[in-house]
Amino acid sequence: MLAPRVSQALIRSFSSTARNRLKNRVPEKQKLFQEDNGIPVYLKGGVVDHILYRVTMGLCLGGTAYGVYCLAWASFPRNK
């Protein structure tokens, strides 16, 4: 009895009517990103873009600092 319910759920989730529920938001995004308001394109998405930008820059700076540290550590011989 459990198998028919599962298969019906799968059929419903992948049917063509499920695809019709999604709204095409491409024109809205095009207006947002093509607007000339002085904001860089990588920050036009709002708060989420600001957070992702800051986290990415922090990770890049941290990785660069760690890479420089590793190069400096490897360039000096160890005393035995």
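Val 41 sits in the loop between helix 3 and helix 4 of this predicted model. With a relative accessibility of 52%, Val 41 counts as exposed, because the threshold for that class is over 50%. Val 41 also belongs to a nonpolar patch on the surface, formed together with Leu 32, Phe 33 and Tyr 42. The accessible area of these residues together is about 350 Å².

The loop that joins helix 3 (26-34) to helix 4 (47-75) also holds Lys 44. Here the picture turns to the inside: Lys 44 is buried, yet has no salt bridge. The nearest side chain of opposite charge belongs to Asp 36, at 6.1 Å, whereas a salt bridge calls for a distance within 4 Å. Beyond its neighbours within four places in sequence, Lys 44 is in contact with Leu 32, Phe 33, Gln 34, Glu 35, Asn 37, Ile 39 and Asp 49. Two of these partners, Leu 32 and Phe 33, are met again in the nonpolar patch.

Lys 23 counts as exposed, at 62% relative accessibility, while Glu 28 is partly exposed, with a relative accessible area of 43%.

Finally, helix 4 covers residues 47-75, and the UniProt record places the feature "transmembrane region" at residues 47-75. In the model this span is 100% helix and 0% strand, and its end C-alpha atoms lie 42 Å apart.

Methods:
Residues numbered from 1 in each chain as written. Predicted model: local features only at pLDDT ≥ 70, side-chain atom pairs only at ≥ 80, totals over all residues. Heavy atoms only, no water. UniProt positions renumbered as here; feature names shortened; annotations may be inferred. Helix = DSSP H or I, 4+ residues; strand = E, 2+ residues; numbered from the N terminus. Buried < 20%, exposed > 50% of the residue type's maximum accessible area, 1.4 Å probe, protein only. Lys, Arg positive; Asp, Glu negative; His and termini not counted. Contact = heavy atoms within 4.5 Å. Patch = residues over 30% accessible without salt bridge, like charges linked within 9 Å, V, L, I, M, F, W, Y side chains within 5 Å. Areas by Shrake-Rupley, 256 points an atom, 1.4 Å probe, with all protein chains shown as cover.
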